[in-house]
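Thanks for coming. I will go through one model today, and the sequence and structure are going up on the screen now.

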Amino acid sequence: MSLTCVAGLGVSGTAVARVLAERGERVVVVEAVEGERQLAAAAELARVGVETRFGEMAVPEGATRLVTTGWAPHHPLIAAALESGVEVVGEVELAWRLRPAQAAPWLALTGTNGKTTAVRMLTAILLAAGRKALAVGNVGVPVVRAVAEPYEVLAVELSSFQLHWSSTLAPHAAAILNIAPDHLDWHGSMRAYAEAKGRIYERAGTVIYNADDPEATRLAAPYPGAVGFTLRVPRSGQIGVVEDLLVDRAFVDDPVEAAEELATLADVRPFAPHNVANALAAAALARSLGVPSEAVSRGLRDFVPDPHRLAHVDRIDEVDYIDDSKATNPHAAAAALASYASIVWVAGGQLKGADVDDLVRQAAPRLRAAVLLGVDRARIAEAIARHAPNVPVVDIADRDTGAMERAVTEAARLASAGDTVLLSPSGASLDMFANYPARGEAFARAVRELRLRREHGR
């Protein structure tokens, strides 16, 4: 019996090990951390015959395949497997290979930002059309668990890590939302990162791309009949915006002469230009499967935005407080900063090698002040000094549990009526918080405490 090695006891790794064991395969999981959660997961897997080896980052003898859930090629375990000729595949690639006959089609999307919002919009549209659909992949539910279930269609969010380790998947349609520098420490270069994203197109039935994004457009260029989406008036073969309408000139009988209204801008929540682009991508993917236009508008209205994505926390003394903690890179923060006219910016965290000069240069006319915290805050401060030297900056050096409260207090002091205090960090959160939701919750908690102080005159 062949042996499969699974890298790690994360959500996807655990799902892979269980699925393979239930198929009668021999599985060994290797895991570096022997923590409480990992021990519990190993105990559960032991019940279905899966062996877990803690601490030993080595490919088990006799393994013919290693399944990774996002580990980089330079990780010692992955590098050793590749060097010894062991096949390395990702969880998504494995899921594709395990699909049963007459499996549900995949509508897949990737991008630097907006993936989760777009895939949830897509799922809402599919459900509005009466399709039994599920959002899977990087959005939370491992694909390997979903492929054997009786769904009519899977809405699949894919990261660059997952795509790097995928070689045969062929979705019914695939979309790239945008491409901007991110995860360069993982991929090694911007080009390698972009090429990993571009793998989503290689076997796709319909290629869908952001016609307003140069890199996404470049990646789609080799594919005849690719469908663009744009915030401008759409050309033939595109989906776009005409006045206050989302309009389809791609999935209609006569794309040259005809167009079909899909929804209104008012159907897109929260309204912001980048969210309109997400809605257009979701609509294009759904339309590739024949979903009617009325389901697009109904699905967008039914969609409930996830927390920490331009979430309105409160309005205090005519100042709005917005939680956009999900903005974990400069491209995401740029979209948020473009959505408000006068901003006190709360930013900082782990920049992961990304440059913030363009972000600050573009946002400079909208910045009223900035409050910076986190490990890479000095790099943001330097960019503000270069491109917005008149913008006051407050540096929060502390990293304890009260740092966010101090940041919100300083932001409130700097803000005037009509301003927006915007938490849009442009960096990852792990230098100070468990994850980006914890960072957003700390911000919201600090805003609530600010309101209490104001109401009691303190």
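I start with Thr 117, which is found in helix 5; helices here are DSSP runs of H or I with at least four residues, strands are runs of E with at least two, and both are numbered from the N terminus. This is a predicted model, where local features need pLDDT of at least 70 and side-chain atom pairs count only at pLDDT 80 or more, while totals for chains, interfaces and linings use all residues. Residues are numbered from 1 along each chain as its sequence is written, and side-chain values use heavy atoms, with hydrogens and water left out.

Is Thr 117 buried or exposed? Thr 117 counts as buried because its relative accessibility is 11%; buried means under 20% relative accessible area, exposed means over 50%, and partly exposed is in between, with a 1.4 Å probe and protein chains only. Not counting residues up to four places away in sequence, Thr 117 touches Asn 275, Asn 278, Phe 303 and Arg 309, where contact means heavy atoms within 4.5 Å.

Asn 113 lies in the loop between strand 6 (106–110) and helix 5. At 13% relative accessibility, Asn 113 is buried as well. Leaving aside neighbours within four places in sequence, its contacts are Leu 177, Asn 178, Asn 329, His 331 and Ala 332. UniProt, in an unreviewed entry, places a "binding site" feature at Gly 111, Thr 112, Asn 113, Gly 114, Lys 115, Thr 116 and Thr 117. UniProt positions are in the numbering used here, feature names are shortened, and annotations may be inferred rather than shown by experiment.

Next, the helix packing. The axes of helix 5 (residues 115–128) and helix 12 (residues 293–302) come within 7 Å and cross at roughly 125°; axes are lines fitted to C-alpha atoms, for helices over the stretch in contact, and angles run from 0 to 180 degrees between N-to-C directions. That makes helix 5 oblique to helix 12, given that angles under 35 degrees count as roughly parallel, over 145 as roughly antiparallel, 65 to 115 as roughly perpendicular and the rest as oblique. On the helix 5 side, Met 121, Ala 124, Ile 125 and Ala 128 meet a set in helix 12 that includes Ala 295, Val 296 and Leu 300.

A second pair is helix 16 (residues 403–414) and helix 17 (residues 436–455), which pack at about 55° with axes 9 Å apart. Helix 16 is therefore oblique to helix 17. Among the residues making this contact are Met 404 and Val 408 of helix 16, and Phe 443 and Leu 450 of helix 17.

Now the cores. A nonpolar core is a set of buried Ala, Val, Leu, Ile, Met, Phe, Trp, Tyr and Cys residues joined through side-chain atoms within 4.5 Å. Of the 47 residues in the largest one, Val 29, Trp 106, Val 143, Val 144, Val 156, Ile 200 and Tyr 201 touch the most other members. Helix 1 (residues 11–22) gives the most to this core, with six residues. A second, separate core has 45 residues, including Val 153, Val 241, Leu 285 and Leu 289.

Last, the annotated domain. UniProt's unreviewed entry puts "domain: Mur ligase C-terminal" at residues 308–427. That span is 32% helix and 26% strand, and its end C-alpha atoms lie 14 Å apart.
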